[in-house]
Structure formats: structure tokens, C-alpha cells
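Let's walk through this structure together, going from the whole chain down to single side chains.

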Amino acid sequence: MDTHRPSDSALIDRDLVARALEMARPMIEAATLDGRINGSGVFHVVVMDPARTPLNASFEEAILCEHTYGKQRAEWDADYAGFARAKARLSWLHGQDSFRLQTAQAHRLRPGDTALWGSVWLDGIVVAASGAEAEFDEAFSGAIAMLLRALAKEALRQRPRELYYR
């Protein structure tokens, strides 16, 4: 399943997200085949639009992209997309990694919030994943977020006038 929405960000758009996901593909696809890391054979990723925050958008409006590596939805043994979205929502609402929120600030959780973790918040970039063990969901989410930040920096370096003089 691939879901892409238009972005409000000047730098992180769906094409940039597609590049980051493609760069991460070899690492993630290898992990989906390793039963110690990923017993499900699925890795579902949610990327939020960094320009859409709880102040200016609903959660659904802020989802920029969803992408699945591995098995297709009909073969899933659980709702990995729902799990990834729930993790993304936590990081997007609270501005921090879901593990940190759940372990250091559990008092901020609301009824209905997920107890799963595996999402990251990196300088406003939120990426969440589900399908692997939680520590690997977090690691691969972090890798994708770092790639997005690097690609955004590259885009800014390559076309600064275009961004500043609209």
C-alpha cells in the first residue's frame, strides 16, 4: 500500500520521501527476511508532513506518505498500518519519540493511546513503522527520518534562491 498526499513543506515532499524510502529499501527488505528482527514479513511506514502540526492540521491531513515493504496487506496477520499510524500519532502530537513518551512521560498518555513504540520525532520529522520488533521499528524509522533530513539539506543547498524568493 502506498499512500501519498501533497505536502505543505517547501523541502520534504512526496518525491523526497520516495527517495528516502528507496535509499532505505535494501536495509529494510533484508530485515523483513530475518525472523529475529521481523517475524511478520511486513514493514509498514508512515511519514508525517513536517509543515503540518497539531496547530494547523488534523492527524489524517498531516499524513504525507504510507508505504509497505514485504508482504501485501492480504497476507498480514495483524493491522500493521494501524499500529504504525498510532505510533506516528503519538510522536506527532507530543513532539518526541514514542519510546521516550511511554517510558519517561507515561503520565501524558491519553485513553486509547497505543502502548506500542517504534516512532521517531527528529527536528519535526515524524516517521513511524510497524512489523518488526519495536527496537527495529524505531531504528528503521530513525534511519528514514535521518535520510529525509539529509535530503532536505541537500535540496536547500541546491536551490536556496527558489525557496527564499517566491
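What pattern does the protein chain follow when read along the sequence? The pattern is β-α-β-α-β-α-α-β-β-α-α, which gives six helices and five strands. Helices (H or I, at least four residues) and strands (E, at least two) are DSSP runs, numbered from the N terminus. Before going further, note that this is a predicted model, in which local features need pLDDT of at least 70, side-chain atom pairs count only at pLDDT 80 or more, and totals for chains, interfaces and linings use all residues. Residues are numbered from 1 along each chain as its sequence is written, and side-chain values use heavy atoms, with hydrogens and water left out.

Now for the overall dimensions. A compact globule with 166 residues would have a radius of gyration near 15 Å, and the protein chain agrees because its value is 15 Å; the radius is taken over C-alpha atoms, and the globule rule is 2.2 Å times the number of residues to the power 0.38. Along the principal axes, the C-alpha atoms fill a box of roughly 50 × 40 × 25 Å. Of the 166 residues, 46% count as buried, where buried means under 20% relative accessible area, exposed over 50%, and partly exposed in between (1.4 Å probe, protein chains only). Among contacts (heavy atoms within 4.5 Å) between residues at least 6 apart in sequence, 65% join residues at least 24 apart.

Seven of its seven residues are buried, so β2 is largely enclosed by the rest of the structure. In a regular strand the side chains alternate between the two faces of the sheet. In β2, one side holds Val 42, His 44, Val 46 and Met 48, the other holds Phe 43, Val 45 and Val 47, and all of these are buried. Two strands pair if DSSP finds at least two bridges between them. β2 pairs with strand β3 (residues 63–70) in the antiparallel sense over seven bridges, and Val 45 stands opposite His 67 there. β2 also pairs with β5 in the antiparallel sense, over four bridges; the bridge partner of His 44 in β5 is Ser 130.

What covers the buried residues of α5? The cover includes α1 (14–32), β2 (42–48), α3 (80–94), β4 (119–122) and β5 (125–130). Among the buried residues of α5 are Phe 140, Ile 144, Leu 148 and Leu 151. Glu 154 also belongs to this helix (residues 134–158), but counts as partly exposed because its relative accessibility is 23%. Although Glu 154 and Leu 11 are 143 residues apart in sequence, their C-alpha atoms are 9.5 Å apart in space.

Finally, turn to the aromatic rings. Rings of Phe, Tyr and Trp (its six-membered ring) pair if their centres lie within 6.5 Å; planes under 30 degrees apart count as stacked, over 60 as edge-to-face and the rest as tilted. The whole structure has seven such pairs. The Trp 76 and Tyr 80 rings have centres 5.8 Å apart and planes at 70°, so this pair is edge-to-face. Tyr 80 is buried, with a relative accessible area of 9%, and also forms an edge-to-face pair with Phe 83, at 6.0 Å centre to centre and 90° between the planes. Tyr 80 and Phe 83 both lie in helix α3, three residues apart. Elsewhere, Phe 43, Tyr 69, Phe 136 and Phe 140 form one aromatic cluster.
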